[in-house]
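Welcome! Here is a short tour for anyone meeting this structure for the first time. Take a look at it below, and then we can walk through it together.

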Amino acid sequence: MSADRDGSQLKTERLDLVIGGSELAAQMLAYHTRNRAHLEPWGPPMPESLFTMDWWERSAERVHEEWQAGRAYRWTVLEGGGVVGTVALFGIRRLHWQSCELGFGLDAARQGRGLMTEAVGAALAYAFDDLALHRVSATHRVDNLASRRVLDRLGFVEEGIIREHAIAHGEWRDQVSMGLLATEFGGGLS
Ligand SMILES: CC(C)(COP(=O)(O)OP(=O)(O)OC[C@H]1O[C@@H](n2cnc3c(N)ncnc32)[C@H](O)[C@@H]1OP(=O)(O)O)[C@@H](O)C(=O)NCCC(=O)NCCS
């Protein structure tokens, strides 16, 4: 994995993670359109406005602002130049926390090849080595076994159940709280 210091581009063996601009808006729209049924059960609801070019052009501006302010790194994941997923470190808190949250998703057609483990591994290396964070947190739905497996392979530890932490299809759902400390990160797979 190689990284420039500002985090705008991370490179792994098979993938590029980029803080994308509006040049990726059309691809981001297409990615979310073809993966709506695949992604929506596990993440925030997707309003109809999300399926417009306007949304993704504005999103690129917000992503850029958050990155410049050091509040969040919302990478677009590219394989061979095409958008295949997203990885985000968000809710970065400094002061006495030095922590952030992790989110990710992959094109349904690209699953099962270890791509997300590879992409998240690169984001975690950036979080601990470059941003010098102490802790990365992630939550997953109790029944999201693929997401859990990615987190397990990267060394995350289950820390408890957060009751009714997120709403999906109108129903509040418990989520599993997972955490990884800088001292526990092995730089890749466990
Ligand atoms: C979760 C997700 C990102 C995984 O992407 P991926 O590239 O297929 O992940 P990887 O191949 O790196 O690893 C997936 C692991 O889960 C395992 N897995 C997949 N489906 C599984 C299931 N139903 N039950 C148990 N394990 C499962 C795979 O076998 C693999 O483990 P292995 O490498 O030990 O065999 C992808 O499935 C996705 O986008 N899901 C929808 C969005 C989502 O859930 N985001 C996370 C929200 S917390």
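Let us begin with Ser22, which is found in the loop between strand E3 (16-18) and helix H1 (25-34). Helices (H or I, at least four residues) and strands (E, at least two) are DSSP runs, numbered from the N terminus. This is a predicted model: local features need pLDDT of at least 70, side-chain atom pairs count only at pLDDT 80 or more, and totals for chains, interfaces and linings use all residues. Residues are numbered from 1 along each chain as its sequence is written.

**Ser22 and its surroundings**

- Leaving aside neighbours within four places in sequence, Ser22 is in contact with Glu57 and Ala60; two residues are in contact if their C-beta atoms, placed from the backbone, lie within 7 Å.
- Ser22 and Met53 are 31 residues apart in sequence, and their C-alpha atoms are 9.4 Å apart in space.

**The overall fold**

- The protein has five helices and nine strands.
- Read from the N terminus, its elements follow the order β-β-β-α-α-α-β-β-β-α-β-α-β-β.
- The radius of gyration is 16 Å, close to the 16 Å that the globule rule gives for 190 residues, so the protein is as compact as a globular protein of that length.
- That radius is taken over C-alpha atoms, and the globule rule is 2.2 Å times the number of residues to the power 0.38.
- The C-alpha trace spans about 40 × 40 × 35 Å along its principal axes.
- Of the 190 residues, 29% count as buried.
- Among contacts between residues at least 6 apart in sequence, 59% join residues at least 24 apart.

**The core and helix H4**

- The largest nonpolar core has 43 residues, and those with the most contacts inside it are Leu17, Ala119, Val120, Ala123 and Ala127.
- H4 gives the most to this core, with ten residues.
- A nonpolar core is a set of buried Ala, Val, Leu, Ile, Met, Phe, Trp, Tyr and Cys residues joined through C-beta atoms within 7 Å.
- Ala123 is in contact with Leu17, Trp75, Val87 and Leu89, leaving aside its neighbours within four places in sequence.
- Several residues of H4 are buried, among them Leu115, Met116, Tyr126 and Phe128.
- The 16 residues of H4 should span 22 Å at 1.5 Å a residue, and its end C-alpha atoms are 22 Å apart, which agrees; the expected span of a helix is 1.5 Å times one less than its number of residues.
- Ala132, whose phi is positive and near 55°, follows H4.

**Around the ligand**

- The ligand is surrounded by 21 residues, and the closest are Gln111, Met116, Thr117, Leu145 and Arg149.
- A residue is near a molecule or strand if its C-beta atom, placed from the backbone, lies within 6 Å of it.
- Helix H2 (36-39), strand E6 (99-106), helix H4 (115-130) and helix H5 (145-153) each supply at least two residues of this shell.
- H5 gives the most to the shell, with five residues.
- The shell divides into nine nonpolar, ten polar and two charged residues.
- Here Ala, Val, Leu, Ile, Met, Phe, Trp, Tyr, Cys and Pro count as nonpolar, Asp, Glu, Lys and Arg as charged, and the others, Gly among them, as polar.

**Residues in other loops**

- His96 sits in the loop between strand E5 (82-93) and E6, and with 7 C-beta neighbours inside 10 Å it counts as exposed.
- His96 and Arg14 are 82 residues apart in sequence and 36 Å apart in space, C-alpha to C-alpha.
- Gln98 also has its place in the loop between E5 and E6; its phi is near 55°, a positive value in a residue other than glycine.
- Gln98 is partly exposed, with 14 other C-beta atoms within 10 Å.
- His169 lies in the loop between strand E8 (157-168) and strand E9 (171-181).
- His169 is not a glycine, although its phi is positive, about 50°, and it is exposed, with 8 other C-beta atoms within 10 Å.
- Arg71 is in the loop between helix H3 (53-69) and strand E4 (73-79).
- Not counting residues up to four places away in sequence, Arg71 touches Glu66 and Ile92.

Note on methods
Buried ≥ 20, exposed ≤ 12 C-beta atoms within 10 Å, placed from the backbone.
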